[in-house]
Amino acid sequence: VFLLQCETMGRWGCLGLLAWLCLLYCTGLWVFTRGFLLNRSEIVRNSSCADFPAPPGLPTPPGAATLNRSCWAVPARYRRAVLVVIDALRLDFATYDAARSEPKPYENRLPALHAALQATPRHARLFRFRADPPTTTMQRLKALATGGLPTFIDVSSNFASARVEEDNLVGQLVSVGQWKLVFLGDDTWMGLFPTHFHRAFPFPSLNVRDLHSVDDGILQHLHSEVAKSDWDVIIAHFLGVDHVGHRLGPLHPAMSDKLSQMNEVLSNLLRELPEDAVLLVMGDHGMTETGDHGGESERETSAALFVYSPIPVFKGAQPREPRTVFQTDLVPSLALLLGVPIPYSNLGQVIPEMFGDSESVEREESDLAQLPMHLQALHLNAQQVQRFLDSYAVLSDDLPPDGLHALRRRFSEAAAAYDSLASSPSPGLRATAATARDVEARLRRYLSGVRNLCVASWARFSVPAMFAGVALLLCACAASAALSRRSPREGLPGVVATAALVGAPAGAAVAALTATASGMKAELCLAALCGASVASLLAFVKECLGTPPTPAPAGPQEAGGKDSGGCLALRFLAPFSNSYLIQESQVLPFLLQSVAVWSLLSFKWSGTLTLSLPAGGAEASKSAQQQQQTVTGSPALRRQQSWYIVALTLGLLCCSRLALTLRVCRDELTSCEPSTLLVPPPPRQPGRSRADGLPLALAAASLVGAWALTRAALRHLGNLNDLLSPPTLLVRLGQPVALLCVCCHWALALFPERGRQASHVPEWAQEAFPRAVYGVVALGLLLLLWRPLAVPVAAAGGPGDAVPFVDPLGGFAHPEERLRHVIPQIYRCLTDRQRGGADEGGGGGDHSVAAFGLGSAYTATLLVLLACLVLLLAMLHQPGAAPSFLLLFVQAALMLERRAAAVSLHASPAGDGAGLLCVPLPEVAMWSLAACQFFYATGHLPTFPALQWNAAFVGFHGGHSGHVLPALLVGLNTYASHALFAAGLPLLLTWPFAREAGAARRSPADEGATGMEMRLHGHPKLLHGALLRLGATYLLLVGLQLTASVCAAAVLRRHLMVWGIFAPKFLFEAVGFVVTGACLLLGVAFVLRVDAAVAAFFRRLCQALPY
């Protein structure tokens, strides 16, 4: 509960309002997501043998198994099956070309498959196994079981597999066929089918650093299980190939070793395979050249499918270019071959090559004695799919009526042609064979049409929910804009804050009761959030209209803020262009440089910059006097500061340009060359040169440089003198220890691979250093919250040192007001004593230093916080990203110094400093653009294959028992720049005040008026209002970018590249906003905690004052 006064906010009121703004954005984002990323409707019905019973007297094709398990009109061919899933088995991993003189590590490594294709071409066949995006393991397994098309949002469940409730092949084998299934490998299967297996040997799957444990565990049981007779289906899911790709890439020699191991496994299985079993070897997806997957590129969707049958079923030799089949096509094919019904919601079509027989492979097509088995299977497949379409059309309106009508007509025509062929009295005529080919083409065109229609409609959009989400986001932007335009001197009337914060729970209660009364209990949480947002917005608007904002006092660069709106408008419109999103890493530095140059020109045009001394004459003197009224300092000092701003701007441009070279490349940019630092070489092999340690040395030097930069700033500001305070101990001892641990962690990753072990280093050593860093950072944050001040205090010289404090108003109504008035005088007294002691040289005077570093207390705490965060975030990256973090700190320092220099030219340090508290829009815009720029410069892209999953296992080599912690680590890795710039945002407000000590030394006339950051504490209303204004401005800029991505995804939801570019960009922006909002609140909370600590410090100090 926020207890707010009527005319001024409390200390934590601005934090509550910023949290309210974040809640508005997140609510709108959630509502939009519920409309944009919806799961397709699932039909909870199961197929049965009675659906399409076989006609009496149906002959069994030669070679087919004589089983009582057969369902529908196609008799079962096999009694048993062995399914081997080699995760990420790309097609070119399974091919063989003897002409390759120097094969790559993944080429020609499975000769067992090639030998089977060459020696027994009628028994074996290799297919291109096309995977539907998203190419993540859980979605692929779901498609392989149900024959359906998982929607895009299902990718979020890849690490928290939910049980498959839809009709599926595994369930049909268990329930209808009473088959006994044995499973070995990836434990994702146990989440999807927890009660279906007769025996199971699951192994943890998420630890991509472990290359061998899962595969070795499978091999301990696989051959003994195959030798047993109490099984019908064996499923073995190997993970080593996928993990090698994630950790080392497909070009690493470890890939050759892993594929050779798989070749030995397959060679043994081909020898041990029972005569009544079929062997299927498949990949669930492919991988990129960097070893990642999740998107829709050719390499990610192109997997391999190898089929070996003990009886001859294939005609001719293996084609040079394997025929393409979809992964969903395996479901109906395997179901009919094993004698169980096709799952109800299947959308795949049978693979005709798998339905040949030992006699038909020798016959000519004109010599038909009966309908071909594959034609019967296609007809049953078409009937099943049409039944699904009819049921789905009743359940949901996702599919367009015109398309459904056309497909029904196509099915009726194909079914009529099939019935005519089946009842033909002369099946031996050549014309009958031609008719059979025509019927087959009709059925396959129908099934392909159904698939194309469902793929085009696989995401069911709810336009009202999308519109409501966009409306809430726009309202949040409007509220942010309203708060960002208020003067810090005015703050925010308590009644407005009360309306916003009290209206939220009232609206939530009403919405929750309404949802419960209308039977929408499943949407209770969403309804409560929407009600809270709408009610608080209405109260906020009502009160804001009744209290029009006071114009903010003039501050530096205000003119530039108006002119830089063009760059911001361009950034808002740019996400509607897929070309921009592909090239965004190149465009962002240009936008940042444009804003910097334009604001510099605005300085010049407004007369703030003085790059040359005025010439003599009356007019020149008059002009100089006019400038003196608005700009402080002598002409020489102004000229010096002006050139300092120009130099800082040039340094900022160079730094931004240098960051442009640190990038990774999207798959769409074929001519792009990634930075060698961000695409590091694989771990060393024995015998390689010592030059491999150079990247580590560069990384260590960069991280030391970033830490040394913050330490130098703290020393310059005088905040490292109290040797026993927690912040000082953290900087002097804790952070160096953490820095050393990070470097040791990186060094351990360079140890060479040794046989089948991950490295020479034991697992405990690989975990000890990262966990030490986690401990130091966590302890440091707790200590900063407990005692954020590093202010050494010494007793005064004696009673005679009492200092008279001026009280010109003659009295105060409240003791707190009296305290606020004397705080600046206390601070100046303490600094005078410090300077007096320095002047006397400590020669026996009674004066002593009472406090030091108090004038930069806010800034010092933020710098210590950022130093802790950068050590944690850098450790979660590869060593090659360390120079990017150093560059991030340098660029941030240049922007802060530029801001402080501009402030020193604009206003006098005397007064309340209200004009200085209005951080101009260009400065905030450059801060937000830098956060986005270094998202790319630290090696990230807004695509799922570019996610650095290794971060989830830093310090947790053995894996995780849950999903929250790995998701948090991957999120911190991905959004490191967002977190650092958001947490450090208050520095734009406090840094100019902390730098006033240097300005005072350069300008003795203003020295007595300089109060540094204590002027902020002396005017709490200004401080809270300025923090609110700054935070609202930053949320406005980030929220506009989020809203633009949301609108682009909504408007272009039928665009060809929506799931390849626009939807991933929207999701990355959404998560980035959540991280930004949380870290912004963290930074503001630390400033307010320091403010409370400073108040407590002065309160204790004032207890001895003579008033």
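These legends walk through several views of one predicted protein model.

Figure 1. The protein chain contains 37 helices and eight strands. It has 1107 residues, and 59% of them count as buried. Look at the contacts with a separation of 6 or more: 80% of them are between residues 24 or more positions apart.

**Figure 2. Strand β2 and its two partners.** Strand β2 covers residues 124–130, and seven of its seven residues are buried. Here's a handy rule: in a regular strand the side chains alternate between the two faces of the sheet. In β2, one side carries A124, L126, R128 and R130, and the other carries R125, F127 and F129. Both faces are covered. How do the neighbouring strands run? Strand β7 (residues 302–308) is antiparallel to β2, with seven bridges joining the two. In that pairing, A124 has Y308 of β7 as its bridge partner. Strand β8 (residues 324–326) is parallel to β2, with three bridges between them. There, R130 stands opposite F326 of β8.

**Figure 3. Two loop residues with positive phi.** Zoom in on A88, in the loop between β1 (80–86) and α2 (91–94). This residue isn't a glycine, yet its phi is positive, near 70°. Is A88 buried or exposed? A88 counts as buried because its relative accessibility is 0%. Next comes N108, in the loop between α2 and α3 (111–119). N108 isn't a glycine either, and its phi is positive at about 60°. With a relative accessibility of 13%, N108 counts as buried.

**Figure 4. The largest nonpolar core.** How many residues make up the largest nonpolar core? The count is 183. The residues with the most contacts inside this core are L21, F36, W927, F981, Y1034 and F1066. Which helix gives the most to it? That's helix α37 (residues 1058–1102), with 22 residues. There's also another core lying apart from this one, with 82 residues, among them C71, V164, L169 and Y392.

Figure 5. All of α32 is tucked away: eight of its eight residues are buried. They are A976, S977, H978, A979, L980, F981, A982 and A983. Remember that an α-helix has 3.6 residues a turn, so residues three or four places apart point the same way. Pick out F981 and leave aside its neighbours within four places in sequence. What is F981 in contact with then? Its contacts are L888, A892, M895, W927, A930, A931, F934 and Y1034.

Figure 6. A disulfide is a covalent bond between the sulfur atoms of two cysteines. The structure holds one disulfide, and the pair it joins is C665 and C672, with an S to S distance of 1.9 Å. The link of C665 and C672 is left-handed, with -60° about the S-S bond. C672 is buried, since its relative accessible area is 12%. C1047, by contrast, is in no disulfide. The nearest cysteine sulfur to C1047 is that of C477, 9.0 Å away. C1047 counts as buried because its relative accessibility is 15%. C932 is buried as well, with a relative accessible area of 16%.

Notes
Residues numbered from 1 in each chain as written. Heavy atoms only, no water. Helix = DSSP H or I, 4+ residues; strand = E, 2+ residues; numbered from the N terminus. Buried < 20%, exposed > 50% of the residue type's maximum accessible area, 1.4 Å probe, protein only. Contact = heavy atoms within 4.5 Å. Core = buried A, V, L, I, M, F, W, Y, C linked by side-chain atoms within 4.5 Å. Disulfide = S-S within 2.5 Å. Pairing = 2+ DSSP bridges.
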